[in-house]
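Subject: Structure for you to look at

Hello,

Here is the structure I promised to send. Please open it alongside the notes below.

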Amino acid sequence: MDSVNQTSNSSLDPTFCQDLYATNLGQESHTVVYFLKMLIGIIGVLGNYLVIIVYKRKREIHPSELLILAIAVIDLSVSLLNVWFLLFIGMSVPLGYSRWTGACLFVGCFVNSSSYTFTTFSSLFMVTVITVNRYVAICRPLDYSTWFSGTKVKWMI
């Protein structure tokens, strides 16, 4: 019974994120990992921002282009929220800042996992809608305008 209580109490520990990011890597390896995460975040932000700029400059947007614009916005939020937040938490835990910001890491970890779950499922939904869009456009071109009108696509987004 005591081991069950210890397990449930340890899951409520505000520094449980330390276990997620605790590694035995040296300082050089941590620097390389942080640099790669930062590079991925910068490429994700710039690439999706360019896609948004290109599609927003068009006067008339086709429904399939509207879906691409929506997935670019979702991926931009993934790049901004998740990659940079994980970079912040990943830097603070090995440096020992989690001792005085344990509650902040707990809340931050909860917010990060919630935003990651929401953006991941939104991205999966949009990829599924784009797949169905391409299937209908190729295999049933006569039904395309009824399945993917502008208002229906806006409603899906």
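A contact means heavy atoms within 4.5 Å. Not counting residues up to four places away in sequence, Ile52 touches Leu69, Ala72, Val73 and Leu76.

Residues are numbered from 1 along each chain as its sequence is written, and side-chain values use heavy atoms, with hydrogens and water left out.

**Core**

Ile52 also belongs to the largest nonpolar core, which has 16 residues. Such a core is a set of buried (under 20% relative accessible area, 1.4 Å probe, protein chains only) Ala, Val, Leu, Ile, Met, Phe, Trp, Tyr and Cys residues joined through side-chain atoms within 4.5 Å. Ile52, Leu67, Leu69, Met126, Phe148 and Val153 have the most contacts inside it. Helices α3, α4 (63-92) and α5 (102-139) each supply at least two of its residues. The largest share, eight residues, comes from α4. Helices here are DSSP runs of H or I, at least four residues, numbered from the N terminus.

**Surface**

Val32 sits in helix α3 (residues 27-56). Val32 counts as partly exposed because its relative accessibility is 48%; that class lies between 20% and 50%.

**Confidence**

The mean pLDDT is 75, and 66% of residues reach 70 or more. Helix α1 (residues 2-11) is lowest, at a mean of 46, and helix α6 (residues 144-147) highest, at 86. Over residues 1-16 the pLDDT is below 50. Where pLDDT is low, the predicted coordinates should not be read in detail.

Best wishes

Key: This is a predicted model: local features need pLDDT of at least 70, side-chain atom pairs count only at pLDDT 80 or more; totals for chains, interfaces and linings use all residues. pLDDT is the predictor's confidence in each residue, from 0 to 100.
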